[in-house]
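I opened the model to look up a few local features and wrote down what I found. The entries follow the order in which I looked.

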Amino acid sequence: MTPIHETIINKTTTNTPIWLMRQAGRYLPEFRKIRKSNLDFINLCLNENLSSEITLQPLKRFQLDAAIIFSDILMLPYGLNQEVSFKKDFGPQLGLIDLEKISKVDEIDFLEKLYPIYKSMKKVSKNNLIKEKDLIGFVGAPWTLLVYMINRHSPKKELIKDFFKDEFLINRILIILEKFLKLHIEHQIKNGATVIQIFDSWAGLLNEKDLPNYVYIPTLNLVDYVKSLNIPVICFPRGIKNYKSYCEIVKPDAINIDYNVNPTSICKEINIPVQGGLDPKVLLTDTNNLKKQTLRYLETFKDHPYIFNLGHGVLPETNPDMVDYLVKMVKDY
Ligand code: CP3
């Protein structure tokens, strides 16, 4: 069994495994080199040779316990024929939503468009570097994808004013998303994903009363689906106020916490395996502080099944030497 499966399935508390969200990407010079000559981010994700190479880059440097496929949650709206582009210093920009066009997409069109992602995963899963480690497949949660599809760019701290105006549109999109997210998960697993992570990066934007409709129910459907395929599923409802209720309702196999969560109280409140928490900004400070903050998580979760990770993705300005220090520290603990 892989170290991450040991933690999630057997609930072991020794040899804390580690991987990092956004471990493949902008802080690595070898990634930046490839990125410089591949200006279109979507095309890069769809280049199976390069995306598999990028996926493996962090494993060549650090003793990580998993690779996460180099792709993006917005490849899903792309697969549904909504325009998606990534603009420098702005982030993602999506085209106007055309419900008729999206409703016409069938499973074959969708899989054909995303086929290179699956081929890339197959390639990674056959590489020696991933032996006895996990390959993490992922999707955006329905709510977070809905946010991008309607808002058309990152919402920063709030949604556009009329976000909930067209209830018909929202409900139709949620139904379509459920179908294609399941398909995307199924094909990632068929091509080598051994864990699935569901990113709900904008869960924190909702009021308590809207959580059941937009977060709990749609995510629970996906979680149950992944479980039916016998693969562990980790959820990351970033910024949500009540992780305990979320875990009780959605019942993921493990929960990733964000950096605003107090690890001591979560450890007491939640009885499923926990992942993450460390503020990625700590990697921008010095090794003394990094050591102190890392020990805080390791010691808090000493007797609780725990996968080391961050409370959000690695920041682009991170020095890879700090990542090296962190990984070694966790491995030597
Ligand atoms: O290493 C990994 O974690 C694997 C790859 C990965 C990417 N995006 C690559 C990427 C993963 C798991 C994601 C998830 C993702 N994408 C999320 C959920 C996690 C989170 O950050 O909350 C979200 C919300 C997105 C959407 C997205 N993609 C945004 C908002 C941006 C722009 C801002 C940013 O972080 O760069 C992207 C672009 C993106 N996705 C890049 C990478 C490496 C940067 C592209 C570039 O080189 O310009």
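**Entry: R22**

I began with R22, which counts as exposed at 53% relative accessibility. I use buried for under 20% relative accessible area, exposed for over 50% and partly exposed for anything in between, with a 1.4 Å probe and protein chains only. R22 sits in the loop between α1 (3-9) and α2 (29-36). Helices here are DSSP runs of H or I with at least four residues, strands are runs of E with at least two, and both are numbered from the N terminus. Leaving out residues up to four places away in sequence, I find R22 touching Y27, G313 and V314; contact means heavy atoms within 4.5 Å. I also looked up M329, 307 residues from R22 along the chain, and the two C-alpha atoms are separated by 19 Å.

**Entry: how the model was read**

This is a predicted model, in which local features need pLDDT of at least 70 and side-chain atom pairs count only at pLDDT 80 or more, while totals for chains, interfaces and linings use all residues. Residues are numbered from 1 along each chain as its sequence is written, and side-chain values use heavy atoms, with hydrogens and water left out.

**Entry: the sheet and the hairpin**

I noted an open sheet of seven strands in the order β1-β4-β5-β6-β7-β8-β9, with parallel pairing. The edges are β1 (66-68) and β9 (306-307), each with a single partner strand, so one side of each has no neighbour in the sheet. Strands count as paired if DSSP finds at least two bridges between them. Within the sheet, β5 (residues 195-199) and β6 (residues 233-236) run parallel and are joined by four bridges. I198 has C235 in β6 as its bridge partner.

I then looked at β2 (residues 84-87) and β3 (residues 91-94), which pair in the antiparallel sense over four bridges. V84 has L94 in β3 as its bridge partner. Three residues lie between the strands of this hairpin, and D89 takes a positive phi near 60°.

**Entry: cysteines**

How many disulfides does a search of the whole structure find? It finds zero disulfides, a disulfide being a pair of cysteine sulfur atoms within 2.5 Å. For C247, the nearest cysteine sulfur is that of C235, 8.3 Å away. For C267, the nearest is that of C247, 12 Å away. C247 is buried at 9% relative accessibility, and C267 is buried with a relative accessible area of 19%.

**Entry: the core**

I looked up the largest nonpolar core, which has 123 residues; those with the most contacts inside it are L80, F110, W143 and L326. Helix α9 (residues 167-190) gives the most to this core, with eleven residues. Such a core is a set of buried Ala, Val, Leu, Ile, Met, Phe, Trp, Tyr and Cys residues joined through side-chain atoms within 4.5 Å. For L326, not counting residues up to four places away in sequence, the contacts are I18, L20, L278, L283, L290, T294, F308 and L310.

**Entry: helix α8**

Is α8 (residues 142-151) enclosed or open? Ten of its ten residues are buried, so α8 is largely enclosed by the rest of the structure. Among the buried residues are P142, W143, Y148 and N151. Just after α8, R152 takes a positive phi of about 70°.

**Entry: aromatic rings**

A search of the whole structure finds 13 aromatic pairs. Rings of Phe, Tyr and Trp (its six-membered ring) pair if their centres lie within 6.5 Å; planes under 30 degrees apart count as stacked, over 60 as edge-to-face and the rest as tilted. W143 and F164 have ring centres 6.1 Å apart and planes at 5°, so the pair is stacked. W143 is in helix α8 and F164 in the loop between α8 and α9, so the pair ties together parts that are 21 residues apart in sequence. The rings of F163 and F164 have centres 5.0 Å apart and planes at 75°, so that pair is edge-to-face. W143 is buried at 0% relative accessibility, F163 is buried at 3%, and F164 is partly exposed at 33%. I also noted one aromatic cluster, formed by F31, F41, F70 and F86.

**Entry: charges over rings**

I found K87 over the face of F90, at 5.7 Å from the ring centre, and R238 over the face of W202, at 5.1 Å from the ring centre. A charge sits over a ring if NZ of Lys or CZ of Arg is within 6 Å of the ring centre and within 35 degrees of the ring normal.
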